[in-house]
Amino acid sequence: MLAEQLKIDYGGTVTYIGVSACGASETAPVWKITKINHDATGKVLSIQHSGGTIHQIYKWSDRLGVEYK
């Protein structure tokens, strides 16, 4: 069984969720990141993935600058 870690960054109307292997650095390109856009009431408007994929090839520290599709 693989152990994973989960990071959540909530900022107003955008939430980022990152998943990687347990113990991975935030600067290592081993993260799968999901961006959830929602309105002020919490209604989900869109769910997008880093690079449009679910592959774990992104850095959590770069989540704000990554292209989401």
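Glu26 forms a salt bridge with Lys7, and the closest N and O atoms lie 2.9 Å apart. The term salt bridge is used for a side-chain nitrogen of Lys or Arg within 4 Å of a carboxyl oxygen of Asp or Glu. The pair links distant parts of the chain, with Glu26 in the loop between S2 and S3 and Lys7 in strand S1, 19 residues apart. Strands here are DSSP runs (E, at least two residues), numbered from the N terminus.

This is a predicted model, in which local features need pLDDT of at least 70 and side-chain atom pairs count only at pLDDT 80 or more, while totals for chains, interfaces and linings use all residues. Residues are numbered from 1 along each chain as its sequence is written, and side-chain values use heavy atoms, with hydrogens and water left out.

**Salt bridges**

Side chains of opposite charge can pair when their charged atoms come close. By the rule above, the structure has two salt bridges.

Buried means under 20%, exposed over 50%, and partly exposed in between (1.4 Å probe, protein chains only).

| Residue | Relative accessible area | Class |
|---|---|---|
| Glu26 | 36% | partly exposed |
| Lys7 | 25% | partly exposed |
| Arg63 | 18% | buried |
| Asp9 | 23% | partly exposed |

**Surroundings of Glu26**

The C-alpha atoms of Glu26 and Lys7 are 9.4 Å apart. Their side chains also make a polar contact at 2.9 Å. A polar contact is a pair of N or O atoms within 3.5 Å; within protein, one must be able to donate a hydrogen and the other to accept it, and residues adjacent in sequence count only if both atoms are side-chain atoms. Neighbours within four places in sequence aside, Glu26 is in contact (heavy atoms within 4.5 Å) with Lys7, Trp31, Lys59, Trp60 and Ser61.

**The sheet**

Strands of a sheet pair through backbone hydrogen bonds, either parallel or antiparallel. This model has an open sheet of four strands in the order S1-S2-S3-S4, with antiparallel pairing. S1 and S4 are the edge strands, each pairing on one side only. Direction ignored, neighbouring strands of this sheet are turned by 15° against each other on average. Two strands count as paired if DSSP finds at least two bridges between them.

S1 (residues 4–11) and S2 run antiparallel and are joined by eight bridges. Glu4 has Ala21 in S2 as its bridge partner. The hairpin of S1 and S2 has two residues between the strands, and Gly12 there takes a positive phi near 75°. Six of the eight residues of S2 (residues 14–21) are buried, so this strand is largely enclosed by the rest of the structure.

Val14 stands opposite Asn37 in S3. S3 and S4 pair in the antiparallel sense over five bridges, and Ile36 stands opposite Ile47 in S4.

**Asn37**

Asn37 in strand S3 is buried, with a relative accessible area of 17%. The side chain of Asn37 makes a polar contact with the side chain of Ser46 at 2.9 Å. Beyond the neighbours within four places in sequence, the contacts of Asn37 include Thr13, Val14, Lys43 and Gln48.

**Aromatic pairs**

A search of the whole structure finds two aromatic pairs. Rings of Phe, Tyr and Trp (its six-membered ring) pair if their centres lie within 6.5 Å; planes under 30 degrees apart count as stacked, over 60 as edge-to-face and the rest as tilted. The ring centres of Tyr16 and Tyr68 are 5.8 Å apart and the planes stand at 50°, so the pair is tilted. Tyr16 lies in strand S2 and Tyr68 in the segment after S4, so the pair ties together parts that are 52 residues apart in sequence. Both Tyr16 and Tyr68 are buried.

The rings of Trp31 and Trp60 have centres 5.8 Å apart and planes at 40°, so this pair is tilted. Trp31 is in the loop between S2 and S3 and Trp60 in the segment after S4, so the pair ties together parts 29 residues apart in sequence. Trp31 is buried, and so is Trp60.

Conventions. Axes fitted to C-alpha atoms, helices over the stretch in contact; angles between N-to-C directions.
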